[in-house]
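Me: I have a new structure open and would like to learn how to read it. Could you take me through it step by step?

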Amino acid sequence: ILFNEILNKTVQKFYQTAILLPYLMSMVVVAYLVYAFLATDTGLINNAIVKGLLGKEEGIAWYMESKYWPFILTFVQQWKQIGFGMLLYLSSLLGIDKSYYEAAMLDGATKWQQIRMITVPLLKPTIIMLTILNMGQIFRSDFGLFYQVPMNSGVLFPTTNVIDTYVYRALIERGNISMSSAAGVYQS
């Protein structure tokens with residue numbers, strides 16, 4: 001019994017670390033992880049799935065075609081942020097008093113009824129707060145996501161060029177201080 005408890009705690013801690021680790025990673029590290037999956041010649045997806053399972057001779061040139069990048073960037077952003085959201089929901093779930101569930105069980109409520117009548121209403125403040133916080137970030141772009149992950153590939157500019165990357169490129173590549181300042185003020 002003691003071994004099972006230790007094993008359960010170890011698995012639980014590993015799972016928590018694995019879920020939260022992407023949120024704590026730098027976008028540069030994430031960019032290299034994405035490159036390890038998407039590289040044309042050595043990428044895991046091209047070698048294992050495209051060439052291996054699908055039997056194609058050539059891999060997909062992910063960094064040369066912009067049509068894939070809205071999906072790739074969305075997936076990377078969700079993968080990076082999901083651990084933090086799960087942590088907030090978990091803390092809200094742990095804050096629910098167990099006596100509500102005990103009373104519902106005594107009244108004959110099924111699990112589905114407990115979720116619908118107890119869990120969801122008590123999670124509503126957390127759901128509303130996270131929705132408002134995420135709505136506030138609609139116009140904010142993540143520079144690391146749009147600059148680092150696509151490796152500043154010029155072919156992908158039509159898909160990955162947002163205000164942050166435009167300001168950076170205007171300042172660094174063109175030396176246009178006035179235009180980058182105006183765009184930066186517009187963004188804020």
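**Reading the chain together**

Reply: Happy to! Let's begin with overall extent. A compact globule of 188 residues would have a radius of gyration near 16 Å, whereas this chain has 23 Å. Please keep in mind that you are looking at a predicted model.

Me: What box do the C-alpha atoms fill?

Reply: Taken along the principal axes, the box is roughly 70 × 50 × 30 Å.

Me: How much of the chain is buried?

Reply: A residue is called buried when its relative accessible area is under 20%. Here buried residues make up 26% of the 188 in the chain. The accessible surface comes to about 13,200 Å², and 67% of that belongs to carbon and sulfur atoms.

Me: And how do I read contacts along the sequence?

Reply: Take the contacts between residues at least 6 apart in sequence: 51% of them join residues at least 24 apart.

Me: Which residues touch the most other members of the largest nonpolar core?

Reply: Those are Trp69 and Val149, in a core of 17 residues. Helix H2 (27–38), helix H4 (69–94) and helix H7 (143–148) are the elements that give two or more residues to this core. H2 gives the most, with 5 residues.

Me: What does Val149 touch?

Reply: Leaving out residues up to four places away in sequence, Val149 touches Met27, Val30, Ala31, Val34, Tyr63, Trp69, Leu73, Val76 and Gly144.

Me: How should I read the charges?

Reply: Count both kinds, then compare their centres. The chain has 13 positive and 11 negative side chains, and the centres of the two sets lie 4 Å apart.

Me: What about backbone angles?

Reply: The general idea is that most residues other than glycine have a negative phi. In this chain, Met151 has a positive phi of about 60° although it is not a glycine. Asn152 also has a positive value, with phi near 55°.

Me: Where do Met151 and Asn152 lie?

Reply: Met151 sits in the loop between H7 and helix H8 (157–160), and Asn152 lies in the loop between H7 and H8 too.

How values were computed: Residues are numbered from 1 along each chain as its sequence is written. This is a predicted model: local features need pLDDT of at least 70, side-chain atom pairs count only at pLDDT 80 or more; totals for chains, interfaces and linings use all residues. Side-chain values use heavy atoms; hydrogens and water are left out. The radius of gyration is taken over C-alpha atoms; the globule rule is 2.2 Å times the number of residues to the power 0.38. Buried means under 20% relative accessible area, exposed over 50%, partly exposed in between (1.4 Å probe, protein chains only). Contact means heavy atoms within 4.5 Å. Accessible areas come from the Shrake-Rupley method with a 1.4 Å probe; for residues, only the protein chains shown count as cover. Lys and Arg count as positive and Asp and Glu as negative; His and the chain ends are not counted. The place of a charge is taken as NZ of Lys, CZ of Arg, CG of Asp or CD of Glu. A nonpolar core is a set of buried Ala, Val, Leu, Ile, Met, Phe, Trp, Tyr and Cys residues joined through side-chain atoms within 4.5 Å. Helices (H or I, at least four residues) and strands (E, at least two) are DSSP runs, numbered from the N terminus.
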